[in-house]
Amino acid sequence: MAESVLVTTDFFLLDVEIKGGDIPEIWVSVDGEDRDVNMDECAEISNELSFLMDAYELFSGRYRMNVSSPGLDRPLVDRRQYPKNKGRRVKVKYKRDDKDLRVEGTLQHVSEKGIIVEINEQTTVGVPFDDLVETKIIPSFK
């Protein structure tokens, strides 16, 4: 249902989490390929999704809807998130030959097959998407 709301936008669905309790909480995470999602857009998505959920009576009674973009502390989980983060510092965990490896550097290049992280001016590491375990953005406060 969340994906159907996003069809008319330039955003895509990352995750939906439903937390039980007296008042269920629905957490919807969305992102954009070329830009981040702002608060007004999250509110609009939330309103449209709530309208649909009410129309289909998915929950009896009250619930809380939370729509947000992923924070910088959240790992990249979709290949579509990588291009807009090109040029940013990243921490990457990946597997190669059954070994767990880590690298930190600048996301230099993104292709259909994987990413290239620049460690320093002379050293880069290519990591296929299939080998990636986790990629996190390192916030810059300049």
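Biologist: Is E57 buried or exposed here?
Modeller: E57 is exposed, with a relative accessible area of 67%, where exposed means over 50%, buried under 20% and partly exposed in between, with a 1.4 Å probe and protein chains only. This is a predicted model, in which local features need pLDDT of at least 70 and side-chain atom pairs count only at pLDDT 80 or more, while totals for chains, interfaces and linings use all residues.

Biologist: And where does E57 lie?
Modeller: E57 lies in the loop between α2 (39-55) and β3 (helices, H or I, of at least four residues and strands, E, of at least two are DSSP runs), and its phi is near 50°, a positive value in a residue other than glycine.

Biologist: What about phi of D98?
Modeller: Phi of D98 is also positive, near 60°, and D98, found in the loop between β4 and β5 (99-110), is exposed at 80% relative accessible area.

Biologist: Switching topic, which residues gather in the patch of positive charge?
Modeller: On the surface, R74, K91, R102 and K136 form that patch (residues with over 30% relative accessible area and no salt bridge, like charges joined within 9 Å and nonpolar side chains within 5 Å; a salt bridge is a side-chain nitrogen of Lys or Arg within 4 Å of a carboxyl oxygen of Asp or Glu). K91 sits in strand β4 (residues 89-96) and counts as partly exposed because its relative accessibility is 48%.

Biologist: N85, buried or exposed?
Modeller: N85, in the loop between β3 (64-68) and β4, is buried at 5% relative accessible area, and a polar atom of its side chain lies 2.8 Å from the backbone oxygen of Q81. Residues are numbered from 1 along each chain as its sequence is written, and side-chain values use heavy atoms, with hydrogens and water left out.

Terms used: Areas by Shrake-Rupley, 256 points an atom, 1.4 Å probe, with all protein chains shown as cover. Lys, Arg positive; Asp, Glu negative; His and termini not counted. Charge placed at Lys NZ, Arg CZ, Asp CG, Glu CD. Polar contact = N/O pair within 3.5 Å; in protein donor to acceptor, adjacent residues only side chain to side chain.
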